[in-house]
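Please look at the sequence and the structure first.

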Amino acid sequence: MGVCMEVLIVDWTHLRSVPAGQRDRMVEEAAFGPDGAYDYDPPEGWTWPDPDEARWWARYEFVATMTSYKAHFWAGERWEELRPFVDPPLRAALDQFGAPLFWGDHNYTLLPPPEPPFTPAIVSRTADWLPRTATLLWLEPEDVTALRRFWVRAEPDLASLRAPFEQHVVEPIGWIEDFASFSRLVAEWGDVVSRAAERGWGIIGLKC
């Protein structure tokens, strides 16, 4: 079945104020629903807690991914093919903005010559205060703020990538088969980062 990821934006201050032994359960219930809720199947896009619950989190499901991480992997494959044909300022912004979303560690040093190794400014940290929860993504509020700055630079020119994508990406396969699916995933990540940043929140991607 592969790896799945449930994405939450979370109020870091509130979550850290909770006793350590309770945090894992709170985060997992926000992502996966209460224990025994076998019919928990929130829609794509945003899910927010009920008004009578503490509003310290929101869940985001990327459209047409069924929470699978494969979509993010294939977006990274498309970006590797596309980036040599992108103007340097936009390429640099999208390199950094997309790093936590779809660049695996191996990509940073295996770019084809003569491309220099790419070094991300923001990387997923260790979830050291949710010891029992498996995570794929752990971005603290300052990381989210920095990512938001890269998105502000990249967003206005995202549509300009259509022509080089359609010209230079050869026979795209996998979960990202055209420019529409690529740009949608990137823009959705922009929405996640923006909503977390405007609240001063962090982002957690739970492995499922």
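## Contacts and fold

In the chain, 70% of the contacts with a separation of 6 or more are between residues 24 or more positions apart; a contact means heavy atoms within 4.5 Å. This is a predicted model, in which local features need pLDDT of at least 70, side-chain atom pairs count only at pLDDT 80 or more, and totals for chains, interfaces and linings use all residues. Residues are numbered from 1 along each chain as its sequence is written, and side-chain values use heavy atoms, with hydrogens and water left out.

The chain holds 7 helices and 5 strands, in the order β-α-α-β-β-α-α-β-α-α-α-β from the N terminus. Helices (H or I, at least four residues) and strands (E, at least two) are DSSP runs, numbered from the N terminus.

## Confidence

The mean pLDDT of the chain, the predictor's confidence in each residue from 0 to 100, is 87, and 89% of the residues score at least 70. Confidence is lowest in helix α2 (residues 20-32), with a mean of 89, and highest in helix α5 (residues 141-154), with 97.

## Surface and burial

Of the 208 residues, 49% count as buried, that is, under 20% relative accessible area, with exposed over 50% and partly exposed in between (1.4 Å probe, protein chains only). The accessible surface of the chain is about 10500 Å², and 53% of this belongs to carbon and sulfur atoms. Such areas come from the Shrake-Rupley method with a 1.4 Å probe; for residues, only the protein chains shown count as cover.

## Pocket and cavity

The largest pocket has a volume of about 330 Å³. Among the 15 residues lining this pocket, Glu29, Ala30, Pro49, Glu53 and Trp57 are the closest to its centre. Helix α2 gives the largest share of the lining, 4 residues. On a 1 Å grid over the protein atoms alone, a pocket is an open set of points with protein on both sides within 12 Å along at least five of seven lines, whereas a cavity is a set where a 1.4 Å probe fits but cannot get out; lining residues have an atom within 4 Å of a point. Grid points are joined across faces, edges and corners, and a volume is the space filled by probe spheres set on the points.

The whole structure has 1 cavity of 30 Å³ or more. Its lining residues include Met5, Tyr60, Phe62 and His72.

## Ser181

Ser181 is part of helix α7 (residues 179-199). Ser181 counts as buried because its relative accessibility is 9%. Leaving out residues up to four places away in sequence, Ser181 touches Trp175 and Ile176.
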